[in-house]
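Here is a brief report on charged side-chain pairs. Look over the sequence and the model before reading on.

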Amino acid sequence: KLETSFISLTGGAEQAADMMKQLNDFTAKTPFQIDAVANSARQLIASGSDISEVNEQLQFLGDIAATSGVEINEIAAIFSKVNAKGKVELESLNQLAERSIPIFTALSEATGLPRVTVEEFNTVLKSFAEEGGFAAGAMERLSETAAGKFSTALDGLKIAGAELTESLLPVLKDVIDFVARLAQKIAGLSDTTKKWILILGGVAAAIGPLLIVIPSMVSAISMIGPPV
């Protein structure tokens with residue numbers, strides 16, 4: 001389902017499959033779930049990020065999210081909003097500050113100006129995850145905690161389940177198509193025919209338990225024997 005949602009964003013099924021592989025590799029090494037990571041990637045691409053930039057952006061956004069204790073898609077949403085609008089608004093800065101991210105201090109030290117460009121904003125956010133930054137290595141540290149390992153294990157199960165489903169998809173499609181055709185045929189039956197199907201179904205349901213109970217009753221009667 002996630003792979004399908006990337007087809008229009010990436011330009012084709014092959015590109016979408018490559019993107020999902022990239023995101024699965026990312027989540028396998030981080031404490032974040034594939035749903036949140038995929039949602040982040042969609043927001044980044046929709047806001048104008050090139051596909052080749054997504055992995056790098058997820059890296060520093062993930063470190064910032066991990067050190068501030070929020071989901072990666074929350075930080076990605078703020079970052080994407082700024083880049084989509086092409087300007088840095090106070091609301092976006094406040095949203096980062098509310099998540100314990102020292103954005104005002106960092107921007108002041110980096111630019112010394114009350115107003116900053118989108119490029120300066122992006123550079124400062126990226127610097128948070130670089131060596132010496134307040135979020136450097138945060139994802140790696142969080143991945144080693146019990147919660148991080150549990151999250152990674154859940155993602156592993158999701159990915160394995162998706163791969164299994166993909167292998168069984170041709171069979172599942174045939175079964176689903178058969179059920180759909182059967183439902184259409186039943187819907188086209190007359191009311192009288194539907195009524196008889198329900199009656200016969202009820203009789204069959206009643207006979208089933210009797211076929212189990214009657215032999216047991218006969219066996220019990222045989223054991224008791226004839227009256228003396």
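## Salt bridges

E89 pairs with K87 in a salt bridge, with the closest N and O atoms 3.7 Å apart. That separation counts because the cut-off is 4 Å between a Lys or Arg side-chain nitrogen and an Asp or Glu carboxyl oxygen. The model is predicted.

K87 is partly exposed, at a relative accessible area of 48%. E89 also forms a salt bridge with K85; here the closest N and O atoms are 3.1 Å apart. K85 has a relative accessible area of 45%, so this residue is partly exposed. Through shared partners, the salt bridges join K85, K87 and E89 into one network.

Another pair is K126 with E56. Their side chains meet in a salt bridge at 2.6 Å, N to O.

K126 is partly exposed, at 32% relative accessibility. E56 is partly exposed too, at 39%.

In total, the structure holds six salt bridges. Among them are these:

| Salt bridge | N to O distance |
|---|---|
| K126 and E56 | 2.6 Å |
| K85 and E89 | 3.1 Å |
| K87 and E89 | 3.7 Å |

As background, oppositely charged side chains can pair when their charged atoms come close.

How values were computed. Residues numbered from 1 in each chain as written. Predicted model: local features only at pLDDT ≥ 70, side-chain atom pairs only at ≥ 80, totals over all residues. Heavy atoms only, no water. Buried < 20%, exposed > 50% of the residue type's maximum accessible area, 1.4 Å probe, protein only.
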